[in-house]
Amino acid sequence: MCGRFTITDPIEEIMDRYYASIAEGYEYKPNYNAAPMQFIPTIIGSKDGNRLGALRWGLVPNWAKDEKIGNKMINARAETLTEKPAFKRLISSKRCIIPCSGFYEWKKDGSVKQPMRILMKDASIFSLAGLYDTWIDPEGNKLSTCTIITTEPNSLMADIHDRMPVILRPQDEADWLNKESDQESVLRLLSPHEANEMIAYKVDSAVGNVRNNNEELIREVS
C-alpha cells in the first residue's frame, strides 16, 4: 500500500512542473508526513488547463451512504481497477495526479519495522497516479476525495514492500490527465516505475506518528 508521503517543494515549482493554475481558495503548505484523511495537493486536468487544488485522501464514491468508507479506500490496486465498483467508472474520466517528493514505507526486519523514504535520485517532484470522486451528503454538502493507485513493486521496492504507488513518467502525465484519453491506453501506464531512477533510505520512527510533521522526518538515519 501507499499510506504516507511528502510534498515539500515550493508552490511555484509545483505550478511550473505541471503548468497549473491554483484552484480558487486553495492554500498550499509543505507536508512532511501526508496521511490518509488529510487534504492533499492534487492536479486535475480541465478544458481550461491543469488546476492545483486539494482533495481529501481516502475515496468516498458518489454512491456511498457514509463518508467513513474513505478510510478503507486510500489505495486502489491497478490490477483490479476495472472490476471494483468504486473505481471502474472513475478510470475513464476522473483521473488525477498527486505531486510527491518522496513516500514512506515500512520494511520488516525481524520483529522490527524500519520506516524508509523512497524518492527519485535527483530529488525531483514526481507524479503519483490517482482517481477522484465527489460525494454529496444528505444536507447537500460536497466532499471531493481521492485514492492513490498501487501496483506490484519494482526491484528496489521488492526488498521493502510487496506494493508500490504507480509513478507516472513525465511524458505520460498529459495523457493521464486528459479526459479524452482512451481507457485502455491509460491502463497501460499503470506499471512499476524504473528502479534505477529511485533511491531509498532509512528515516526516524517518528514518522509513524501523524502528529509529527517537520523536516527532521526526511533526514536519513543510520
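**Reading the features**

Analyst: Start with a polar contact, a pair of N or O atoms within 3.5 Å; within protein, one must be able to donate a hydrogen and the other to accept it, and residues adjacent in sequence count only if both atoms are side-chain atoms. The side chains of Asp 133 and Arg 89 are joined by such a contact of 2.3 Å. The model is predicted: local features need pLDDT of at least 70, side-chain atom pairs count only at pLDDT 80 or more, and totals for chains, interfaces and linings use all residues. Residues are numbered from 1 along each chain as its sequence is written, and side-chain values use heavy atoms, with hydrogens and water left out.

User: Is Asp 133 buried or exposed, and in which strand does Asp 133 lie?

Analyst: Buried means under 20% relative accessible area, exposed over 50%, and partly exposed in between (1.4 Å probe, protein chains only). Asp 133 counts as buried because its relative accessibility is 0%. Strands (E, at least two residues) and helices (H or I, at least four) are DSSP runs, numbered from the N terminus. Asp 133 lies in strand E10, residues 126-136. Contact means heavy atoms within 4.5 Å. Leaving aside neighbours within four places in sequence, Asp 133 is in contact with residues including Arg 89, Leu 90, Lys 94 and Ser 144.

User: Which residues does Asn 213 touch, not counting residues up to four places away in sequence?

Analyst: Asn 213 touches Asn 31, Tyr 32 and Asn 33. A polar contact of 2.7 Å links the side chains of Asn 213 and Asn 31, and a polar atom of the Asn 213 side chain lies 2.8 Å from the backbone nitrogen of Tyr 32. Asn 213 and Ala 34 are 179 residues apart in sequence, yet 8.3 Å apart in space, C-alpha to C-alpha. Asn 213 is in the segment after strand E14 (198-202) and counts as partly exposed because its relative accessibility is 34%.

User: How many residues has the largest nonpolar core?

Analyst: A nonpolar core is a set of buried Ala, Val, Leu, Ile, Met, Phe, Trp, Tyr and Cys residues joined through side-chain atoms within 4.5 Å. The largest one here has 55 residues, and those with the most contacts inside it are Phe 5, Phe 103, Ile 149 and Trp 176. Strand E10 gives the most to this core, with 5 residues. A second, separate core of 8 residues includes Tyr 104, Leu 119, Val 207 and Leu 217. Among the residues that Phe 103 touches are Phe 5, Met 116, Ile 118, Phe 126 and Ile 167.

User: In what order do the 5 strands of the open sheet stand?

Analyst: Two strands pair if DSSP finds at least two bridges between them. The order is E3-E1-E8-E9-E14, with antiparallel pairing. E3 (31-34) and E14 stand at the edges with a single partner strand each, so one side of each has no neighbour in the sheet. Inside the sheet, 3 bridges join E1 (residues 4-7) to E8 (residues 102-109). Thr 6 stands opposite Gly 102 in E8.

User: How many disulfides does the structure hold?

Analyst: A disulfide is a covalent bond between the sulfur atoms of two cysteines. The criterion is a pair of cysteine sulfur atoms within 2.5 Å, and the structure holds 0. The cysteine sulfur closest to that of Cys 96 is in Cys 146, at 5.2 Å, too far for a bond. Cys 96 counts as buried at 0% relative accessibility, and Cys 146 counts as buried at 0%.
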